[in-house]
Amino acid sequence: MSRLDRNLANREQILARLRAEVVGPDPAGNPVALADKQAMSWEEFKIARRQPNGEEIVWQDPPTKRFGAGILFPMGSDDLLVETAVEVEEVTPPDSQLLVPDGERPDDLAPGFDRPTQFSPGDDADEEGVTLANAFRPSAIGLSFLADLGRESTGICVQLVSVGRVAADRTVEGPCGTYRPIALQLGAALGKAGILRKVWLREPAVDAEGRLPVATFTAEEVLHTARPIRRWLIETLGLELVLVARTWRGAPTTHHRLITVSVVNTKKAARENLDGQCLYQSGLRVSGISGVAWIDPYPDYLTGEFKDADPLADENVNRVLYRHNRTFAIGHGCGADWLHGRPEQVASVWTDVLPVFETPSTSADLVVVGPDGVRRSLRVSMRLLAGLAAGEDGLDDADTLLREYRTWINKLASTTGSIPLADRPTVTALLEKCRDCAARIETGIFLLRSKGEMADRV
C-alpha cells in the first residue's frame, strides 16, 4: 500500500469513527443476549457489547444524549423543555438571580419562552415539514429539488435510509433505527435488592420483509396535485412522508416542479419514553423509478434580489466563477448531497445529517513545455530579480510567465460564447482586468531590463 493509499484509508477511518460517534450506530464489543430485569454485576455493566444480530446496545447514557445529529423527535418535544423551564422557575427562590450581564436575558429559560415547535392552523400547510425540521428538537427532515417530470415520466421513489459520504466518490448507507429500552438489575446480592439501570437495544427501521421502507409517487399525481401528498413509510413508528409539488411562472417547461419531500415523526411526545419515540440515523433518498437523470440544478431564484449593474460586483463574479458547481438540492434540518463531480443533471439526491466535503488539492506551481518539448516547473526567482546572482537576472523566466498568462487569457476569451448572455459583461470585465494585469507585468519587466542595461553601461 502506497503512502497516499494509507493516508486515504486513515482519513476514511476517521470519518467513519466521527459518524459513528455523532450519528451512530456504533456497535462494539462481543455479542450478548440480554433480557428484561436480567441480573448483572457492575463490572459487567461497564463493558460495551452488542446484540447477537450485530445491532448496537447503548449503555450508560440514553440515545438522545449519546447521539448529536440525525434524531427525529416526536411532535411537541420542545414543549417538554418549556414545561421543564416553568417548573424550574416555580421552585427558584425569589431572591436568587442568574449571573448574566446587564441587559441580557436567558430567553431559553424564561417561563414565557415561546418557540415554534410544530405546525399550527395559522401556518401554510405546504410548509409543515419545513417548519418541523427547523425546531430545536426537530420532528422532520426534508429535501427540496427541481424535478423534470417530462424526463422522468414513470414516477418518484423515496427511501427511508441513512446515507453518509466517507470519500469524494464513495458513500456508505444503512437503515435508520429506533432504540428499545430494557432494565438490568445491577449489584444484586443475597438478601439485597439490586439497582435497575436501563440500556437501549437498537432495532433497524425496515419493513415487514426486512427491506428499506419505500414510498412511490407517479409522475401524473405529482404534476396534477394541488395539495401535499402523504404516504406512511412505517405506520407503526408514526413515520409519514409528505411530498409538496409547486410550479412557478419561470419554470423551464410545464413538466418542471419544485418538489419538497419530508419525513415526519408524527408521534406525540411523552416525557416518560421520549428516547423510545425518536427515529435515529434518519435520512431520505429520492430517485426516479426509471433511473434517468431527471433532477435539474436548483433555480437561483434570489438572483434578482441581489442584482447589481456593476459587472464586477461580488454576486456577478461569483456566479461566473462557480457556474459549473451546481446545487441540486436544498436540505431542511440536514445537508443535501448528490453524485460527485460537476454533472448537468443527477438521478438521485439524499439527505446527510453530517455533511462531508473534500477540498481539492491546489498548487501554485506552473508547468510549461519548453522549445525542446520537455515539461518543467516554472519558477520566477525573487533572488535573481533582485540581482543577487551574477550573470542572471531572472527576466527570461518572467517573460515565460507573461507569455503563459496571455495564452491562458486568450483561451478564456475563446470560451466566452458558451457563457450565458446575462454573465458576458462580467466575463468581459474580468478579461479586461487580466489583460491590464498582463500589461503591468510587461511594463515591470521592461523597466527591470532597462535598469539592468543602464547599469551595464555605467
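A residue is called buried when its relative accessible area is under 20%, exposed when it is over 50%, and partly exposed in between, using a 1.4 Å probe and protein chains only. With that in hand, let's look at the charged pairs here.

The model is predicted, so local features need pLDDT of at least 70 and side-chain atom pairs count only at pLDDT 80 or more, while totals for chains, interfaces and linings use all residues. Residues are numbered from 1 along each chain as its sequence is written, and side-chain values use heavy atoms, with hydrogens and water left out.

**Salt bridges**

Side chains of opposite charge can pair when their charged atoms come close. Here, a salt bridge is a side-chain nitrogen of Lys or Arg within 4 Å of a carboxyl oxygen of Asp or Glu. Searching the whole structure turns up 23 salt bridges. Three of them are shown here:

| Pair | N to O distance |
|---|---|
| Arg-19 and Asp-352 | 3.2 Å |
| Glu-173 and Arg-285 | 2.7 Å |
| Asp-396 and Arg-449 | 3.9 Å |

Helices (H or I, at least four residues) and strands (E, at least two) are DSSP runs, numbered from the N terminus.

Start with Arg-19 and Asp-352, whose side chains meet in a salt bridge. Arg-19 belongs to helix 1 (residues 3-22) and Asp-352 to strand 17 (residues 348-352), so this pair ties together parts 333 residues apart in sequence. Arg-19 counts as buried because its relative accessibility is 10%, and Asp-352, at 2%, is buried too.

Glu-173 and Arg-285 also form a salt bridge. Glu-173 sits in strand 6 (residues 170-174) and Arg-285 in strand 13 (residues 284-288), 112 residues apart, and the pair links distant parts of the chain. Glu-173 is partly exposed at 45%, whereas Arg-285 is buried at 16%.

In the last pair, Asp-396 meets Arg-449. Asp-396 lies in helix 10 (residues 395-414) and Arg-449 in helix 11 (residues 424-457), so parts 53 residues apart are tied together. Asp-396 is exposed at 56%, and Arg-449 is partly exposed at 30%.

Salt bridges can also join up: Arg-17, Glu-21, Asp-26 and Arg-66 are linked in a network of them.

**A cavity**

A cavity is a set of points on a 1 Å grid over the protein atoms alone where a 1.4 Å probe fits but cannot get out. The structure holds 1 cavity of 30 Å³ or more. Among the residues lining the largest cavity are Thr-178, Asn-265 and Lys-267; lining residues have an atom within 4 Å of a point.

Notes. 1 Å grid on protein atoms, 1.4 Å probe; cavity = no way out; pocket = protein on both sides within 12 Å on 5 of 7 lines; lining within 4 Å. Points joined across faces, edges and corners; volume = space filled by probe spheres on them.
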